[in-house]
Amino acid sequence: MAKQSNRDGKAPTQRMLKVGEQIRRTLSSVLQRGEVHDPDLNRMMITVGEVRMSPDLRVATAFILPLGGKNKQETLDAVRRNRHEIRHLVVKGGSQKFAPEMRFEIDGTFDQMDATRALLAADHVKQDLDD
């Protein structure tokens, strides 16, 4: 019987979390040091919030956000344009058997936190919390 390859609704495994965190740290370091040969990308300050791995560890989706949250699409385009070089730099010297495909998305976590904070600051919500 084949292993289940679709993890819909299931939490990530410890291995997925560990590999994702390793890639996140390495990716952050690569972007911070400006190792990519693209002057547009090197002048940007990029936050790597999370890297999610597929169950087979062959696809890594990195959630990024430019510092300050401005020029999101420009940053995403620059990173996607250089994804092959970034992939090479991230796995260079790593302990993985293969290099996962790198995908990039804008991190919406900070926007969600702002929306939650605004919701909790609303008067009709505050009165329920104060009771």
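Reader: What is the order of the three strands in the open sheet?

Author: This is a predicted model, in which local features need pLDDT of at least 70, side-chain atom pairs count only at pLDDT 80 or more, and totals for chains, interfaces and linings use all residues. Residues are numbered from 1 along each chain as its sequence is written, while side-chain values use heavy atoms, without hydrogens and water. Strands are DSSP runs of E with at least two residues, numbered from the N terminus, and two strands pair if DSSP finds at least two bridges between them. The sheet has mixed pairing, and its order is β1-β2-β3.

Reader: Which are the edge strands?

Author: An edge strand here pairs on one side only. The edge strands are β1 and β3.

Reader: Which residue in β3 is the bridge partner of Ile64?

Author: β2 and β3 run parallel and are joined by six bridges. In β3, the partner of Ile64 is Ile106.

Reader: At what angle do α1 and α4 pack?

Author: Helices are DSSP runs of H or I with at least four residues. Their axes are lines fitted to C-alpha atoms over the stretch in contact (heavy atoms within 4.5 Å), and angles run from 0 to 180 degrees between N-to-C directions. The axes of α1 (residues 14-33) and α4 (residues 83-91) lie 9 Å apart, and the helices pack at an angle of about 115°.

Reader: Which residues in α4 do the residues of α1 meet?

Author: On the α1 side, the residues are Ile23, Thr26, Leu27, Val30 and Leu31. In α4 they meet Ile86, Leu89 and Val90.
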